[in-house]
Amino acid sequence: MLFEDTYKTIESASEGIFRDRASKFIAWAIPVSSELEVKLKLADLRKQYWDSNHHCYAYQLGFDKSAFRVNDDGEPSGTAGRPIFGQIQSKDLTNILIVVIRYFGGTKLGVPGLINAYKTAARLALESANIVERIVCEVYEISFPYERMNDVMKVLKDEQAEQGKHQFELNCKLEFKIRKNDVVKVLDRFALMSNVETHYLRTE
């Protein structure tokens with residue numbers, strides 16, 4: 001059985017605005033790829049909306065959705081971060097951060113009102129986003145003697161591997177990127193060649 005080597009995310013940042021009883025909820029859905037990037041985006045939004053009352057958010061990272069977090073930022077527990085995260089899950093998205101910035105309008109909304117407001121703002125941001133499907137790829141470095149150049153290049157061309165930085169001398173090195181589900185087939189072909197070695201670098 002093949003590994004699921006695709007995932008859905010958003011192409012670029014998008015905004016949604018929801019109002020309820022004078023409170024304004026500004027939602028930003030932002031594509032991210034790491035927890036460091038999440039922190040930087042949150043810091044940018046805090047500077048931009050420095051006079052707001054709350055910056056509630058949720059994010060999910062990794063093609064396997066292995067990292068996620070919700071934050072209520074001072075709102076009653078479970079009324080902000082979880083409803084936002086629910087919208088991420090409803091679209092089956094990853095590598096995404098949704099931040100909902102609240103300007104308090106003077107009237108308390110109550111728990112049901114808050115849940116609805118944060119959920120709706122997040123949904124509106126996603127409705128204006130372009131959802132895209134990405135392919136999970138693995139990056140390898142291959143080392144080989146110069147006389148093996150044609151053999152190596154033929155495999156890379158046959159398997160539609162994307163070539164990266166290289167060093168072509170008597171002993172050559174080349175980085176290549178291949179779809180995750182095609183990795184075993186490619187590595188098996190290289191394993192049949194003498195003096196050819198492959199090293200895993202990263203998944204992206």
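Student: What do the side chains of Arg148 and Asp151 do?
Tutor: Arg148 and Asp151 meet in a salt bridge, N to O at 2.8 Å. A salt bridge here is a side-chain nitrogen of Lys or Arg within 4 Å of a carboxyl oxygen of Asp or Glu.

Student: What are we working from?
Tutor: This is a predicted model; local features need pLDDT of at least 70, side-chain atom pairs count only at pLDDT 80 or more, and totals for chains, interfaces and linings use all residues. Residues are numbered from 1 along each chain as its sequence is written, and side-chain values use heavy atoms, with hydrogens and water left out.

Student: Which residue does Lys154 pair with in a salt bridge?
Tutor: Asp158, at 2.8 Å, N to O. Both sit in helix H4 (residues 149-158), four residues apart, about one turn of the helix. Helices (H or I, at least four residues) and strands (E, at least two) are DSSP runs, numbered from the N terminus. Asp158 is partly exposed, with 39% relative accessible area.

Student: And Lys165, which partner there?
Tutor: Glu175, with the closest N and O atoms 3.9 Å apart. That pair links distant parts of the chain: Lys165 is in strand E9 (residues 162-167), Glu175 in strand E10 (residues 171-179), 10 residues apart. Lys165 is exposed at 63% relative accessible area, whereas Glu175 is buried at 13%.

Student: Which residues do shared partners join into a network?
Tutor: Lys154, Asp158, Glu159, Lys185 and Arg189 form one network, through salt bridges that share partners.

Student: New topic. Where is Pro145?
Tutor: Pro145 is in strand E8 (residues 137-145). Its relative accessibility is 11%, so Pro145 counts as buried.

Student: What does Pro145 contact, beyond its neighbours within four places in sequence?
Tutor: Leu170, Asn171 and Asn195. Contact means heavy atoms within 4.5 Å. Cys172 is 27 residues from Pro145 in sequence, yet their C-alpha atoms are 5.8 Å apart.

Student: Now the helices. At what angle do H2 and H3 cross?
Tutor: Roughly 35°, with the axes of H2 (residues 81-90) and H3 (residues 110-127) coming within 8 Å. Axes are lines fitted to C-alpha atoms, for helices over the stretch in contact; angles run from 0 to 180 degrees between N-to-C directions.

Student: Which residues make that contact?
Tutor: H2 gives Pro83, Ile84, Gln87 and Ile88. H3 gives Ile115, Tyr118, Lys119, Ala122, Arg123 and Leu126. They divide into seven nonpolar, one polar and two charged. Ala, Val, Leu, Ile, Met, Phe, Trp, Tyr, Cys and Pro count as nonpolar; Asp, Glu, Lys and Arg as charged; the others, Gly among them, as polar.

Student: Zoom out. How many helices and strands?
Tutor: Five helices and 11 strands in the protein chain.

Student: What radius of gyration does the protein chain have?
Tutor: The protein chain has 23 Å, whereas a compact globule of 204 residues would be near 17 Å. The radius is taken over C-alpha atoms, and the globule rule is 2.2 Å times the number of residues to the power 0.38. Along its principal axes the C-alpha trace spans about 75 × 35 × 25 Å.

Student: What share of the residues count as buried?
Tutor: 43% of the 204 residues.

Conventions:
Buried < 20%, exposed > 50% of the residue type's maximum accessible area, 1.4 Å probe, protein only.
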